[in-house]
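Work through the exercises below with the structure in view. Try each task before you read its solution.

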Amino acid sequence: MSVLFGVDATRPAGALAPGVTLTPQEQAWIKAHPLLTMAADENNAPMIFRRADGDRGSFGGACYDYAALAARNAGLTVRYEGSTWDEALQKGMAHQVDGVLCARDRPERRTRLNFSNAYMELPIAMATRTEHADLPTLGGFARQRIAVVRGTVRVPVIRARCPDCRIIEVASPKEGMELVRQRQADGYFDDMPVIQRAMTAAPEQYKIALLYYDSEAAAIRLALRNDQPELLSIINKGLAAITGAEHEQIRARWLAGAEDAPVERALPFTPAQRAWLAAHPVIRVGVDSSRAPVEWRGEDGKLRGISLDFMARVSEMLGVRFELVPMASVAEELTGIEQRRIDLASGLSQNATRQRYMLLSDSYLSTPLVIFGKTGSSPSGGLAGLKGQRVAVSARTAVADAIARDWPTIQAVPTANFRAATQLLRSGQVQAIVGPLLTGTHQLVELGAADVQVMGETDYAYQVGIGVRSDWPELVPMLNMALAAIPKTERDGFRQKWNTVRFEHEVDYRPLGLLALAVLVALIFILQLRVMVKHRTRELREEVATRRAREEEIQQLNAVLEARVEQRTAELRQANDDLRLAADHLVQTEKVASLGRLVAGIAHELNTPLGSTLTAATTLKAHLTSFRKGLETGTLKRSTADDFVGQCQQACDIIERNAYRAAGLIDNFKELAVDQASARRRRFPLKRTVEEVLATHHNAWKATPHNIELEIGDTIELDSFPGPLAQVLSNLLENSLVHGLSASHPGCVRISARLQGNDVALTYSDDGSGIPAHHHNQIYDPFFTTRLGQGGSGLGLYIVQTLVTGVLGGHITVQSQPGQGTVFNITLPLVAPVLSEGTASGAHGLVAVPSSKAA
């Protein structure tokens with residue numbers, strides 16, 4: 001690796017490549033997994049193979065180089081295990097290894113594997129004996145015996161694209177090629193580089209009969225066990241850091257191209273699209289017979305041209321037959337598609353009128369629209385120079401509509417085709433022609449019209465696409481998919497093939513004269529083009545000057561606008577500060593009110609034990625007076641003394657029990673009050689804190705028909721802030737009592753909690769009236785209330801949300817529908833995060849952030 005990728009030779013082992021940044025979780029994962037194991041097909045040269053000159057762990061190939069680079073970039077250490085592909089995939093699916101090299105993404109594999117980003121895209125090649133016929137499609141191998149490595153993605157590709165092929169599954173490329181050599185198989189289907197490497201043993205016996213591009217099977221990836229999501233992220237970062245130079249080195253070392261082999265590109269059609277194509281095996285295509293070089297009929301009667309080459313390629317990719325229907329003109333094509341006598345038109349443009357009955361594919365050919373005039377006439381100065389003149393344009397085209405819309409002073413004269421327009425120009429019935437440069441110049445040469453020349457340019461271009469009958473919208477995206485899949489080199493070849501008109505005249509025609517005429521037209525065009533360039537340059541200079549003046553005006557306006565924005569920003573900032581200050585005051589008021597309700601509740605709770613104590617003490621005093629009187633008069637009996645002792649014992653028990661109860665209530669109140677006033681951090685049992693909160697609210701709830709149910713285990717403890725937690729529960733209880741539950745119908749509040757890893761899931765629910773869906777996004781907004789003017793401040797749930805997500809370090813969600821109650825799901829960490837300025841602000845002034853000195 002240090003030899004092949006010398007740019008990384010100085011990087012220490014385990015160091016990250018430039019541009020690779022790992023998260024703390026990813027770094028911890030690498031530290032916990034010091035050695036990864038990757039399985040590989042050791043018989044798949046040049047993609048991945050075991051080196052004959054190395055030990056059992058020495059591998060080579062394109063996939064190995066990519067995997068090694070990705071691992072090195074991400075600081076990983078990897079060990080490789082070789083086997084057959086079938087065994088390697090089984091190990092990956094069973095999680096016996098951390099990943100598999102040189103894999104493809106398949107739905108059935110995603111249950112156990114994650115797939116990295118693609119790092120190579122390769123065609124699949126069909127290797128046959130040299131005497132085997134070349135076939136343009138995979139389906140052409142129907143009923144033939146095709147060898148494929150078992151368990152690879154190429155098996156389902158063959159089954160889907162050639163269901164009549166007889167599949168022979170083999171263990172390795174060597175076995176597959178040997179079956180072809182012995183005529184036990186008609187072809188071997190594998191990645192193109194694998195086929196090329198296997199053919200080197202006997203190149204005179206084999207050939208590549210077809211290259212097949214599949215959108216899914218072409219992408220090469222690393223398959224990684226899906227129970228380690230950090231590994232996928234780390235590997236993708238390592239792959240992304242591979243440089244362009246390194247990509248080129250790998251391809252130059254291991255991957256070569258294939259020449260002169262038929263190519264089929266499978267398109268990712270949906271099942272519905274494939275069904276549509278199967279239902280329309282023959283499609284009628286209208287072709288203009290007189291529009292060279294786009295499309296025309298030659299003297300031999302055959303249709304030809306740029307558009308016909310594109311249509312033939314699209315027909316092959318869609319798997320349907322295009323039946324060509326010759327038409328005399330564009331007008332006849334449009335009429336045919338409107339009347340449904342044809343289904344497609346091979347080369348048209350779109351306009352508003354045609355949209356009623358025709359759809360159009362993406363453009364596959366573009367040519368500028370220029371101005372033609374008589375030789376010797378002065379340059380027109382563009383369309384602006386044709387003001388008031390009669391100009392011939394093709395009828396029923398977008399050009400005619402555009403000129404009528406943008407240049408109403410030009411008298412547009414519709415013509416059937418360019419030949420008719422040329423006749424009008426020669427006879428003086430029009431002063432110019434606006435037409436496409438590509439077809440116009442060709443037809444001038446064919447007509448021998450040396451008296452017509454290009455005399456100006458326009459801002460328009462003729463975009464040629466495939467016209468589709470409007471009731472076939474399903475076909476348009478498939479046409480676009482096929483056009484986009486045609487490689488640029490192939491598209492350029494179609495255009496270059498017909499760039500010069502081929503005349504098929506008899507020998508008594510004058511080819512030299514025609515050649516001279518063609519040269520003359522070319523020279524005239526070049527001269528006129530120079531004039532057009534000068535004119536356009538002058539116009540651009542004027543436009544630049546105008547734009548500079550406008551830019552200065554815009555800069556001045558921007559300066560004024562920036563000043564206004566700054567002023568308005570300052571005003572909004574001040575208003576925001578005032579609003580925040582008011583909110584803080586209201587929050588403090590709400591907290592004081594809450595503390596007041598706490599005091600009132602505790603006072604009421606203390607009344608019961610104190611009343612019992614007072615009653616017992618009064619009764620004891622009366623018995624004591626009676627006992628003293630008996631002693632003084634000497635009338636005291638033993639039964640009276642025994643009764644007195646029993647009464648004293650009972651009274652003392654009552655006094656002691658209620659005194660302890662009052663003391664406990666006071667202790668709980670002191671702890672809860674201190675928690676709510678200072679938001680101190682301590683370790684506390686969750687159930688006890690919730691019970692203390694419920695005790696403070698007992699007085700408000702006991703007069704209602706509602707009850708509160710508590711389901712919290714005794715073992716759940718938090719290292720957190722009980723005060724803010726109590727404030728959260730108090731606000732939720734207050735909300736349920738005021739907004740949710742009806743005073744006339746019994747209701748229930750349930751508070752439950754369960755451990756969830758390092759968190760506790762606290763659920764608060766009531767069976768009240770619920771919250772309308774359109775209020776869900778507003779309930780946490782400060783000052784939002786449905787009881788405006790009725791005592792509601794709109795701060796209850798705002799405080800709940802800021803306390804939960806701030807100082808408590810958790811998150812809160814709500815589920816509610818009108819009439820079906822409300823559920824708040826609160827997730828809190830068992831150990832609250834260390835306070836910062838940001839989280840402390842969520843406690844609304846009750847928490848002070850520890851200083852560095854205090855720490």
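**Exercise 1.** How many nonpolar, polar and charged residues does the lining of the largest cavity have?

*Solution.* Start with the ground rules. This is a predicted model, where local features need pLDDT of at least 70, side-chain atom pairs count only at pLDDT 80 or more, and totals for chains, interfaces and linings use all residues. Residues are numbered from 1 along each chain as its sequence is written, and side-chain values use heavy atoms, with hydrogens and water left out.

Step 1: A cavity is a set of points on a 1 Å grid over the protein atoms alone where a 1.4 Å probe fits but cannot get out; lining residues have an atom within 4 Å of a point. Ala, Val, Leu, Ile, Met, Phe, Trp, Tyr, Cys and Pro count as nonpolar, Asp, Glu, Lys and Arg as charged, and the others, Gly among them, as polar.

Step 2: sort the lining. It has 14 nonpolar, 10 polar and two charged residues.

Step 3: Of its 26 lining residues, Arg291, Ser394, Phe418, Pro436 and Thr439 are the closest to the centre.

Step 4: find the main supplier. Strand 26 gives the largest share, four residues. Strands (E, at least two residues) and helices (H or I, at least four) are DSSP runs numbered from the N terminus.

**Exercise 2.** Describe the second largest cavity.

*Solution.* Step 1: size. About 130 Å³ of space lies here. Step 2: centre. Among the 14 lining residues, Trp85, Cys102, Arg104, Thr152 and Arg154 are the closest to it. Step 3: classes. The lining divides into six nonpolar, two polar and six charged residues.

**Exercise 3.** Which way do strand 31 and strand 32 pair, parallel or antiparallel?

*Solution.* Step 1: pairing requires at least two bridges found by DSSP between two strands. Step 2: strand 31 (residues 748-756) and strand 32 (residues 759-766) are antiparallel over eight bridges. Arg754 stands opposite Ala761. Step 3: look at the turn. Two residues lie between the strands of this hairpin, and Gly757 takes a positive phi near 70°. Step 4: check the other partner. Strand 29 (residues 707-711) runs parallel to strand 31, with five bridges. There, Leu710 has Ile751 as its bridge partner.

Terms used. On a 1 Å grid over the protein atoms alone, a cavity is a set of points where a 1.4 Å probe fits but cannot get out, and a pocket is an open set with protein on both sides within 12 Å along at least five of seven lines; lining residues have an atom within 4 Å of a point. Grid points are joined across faces, edges and corners, and a volume is the space filled by probe spheres set on the points.
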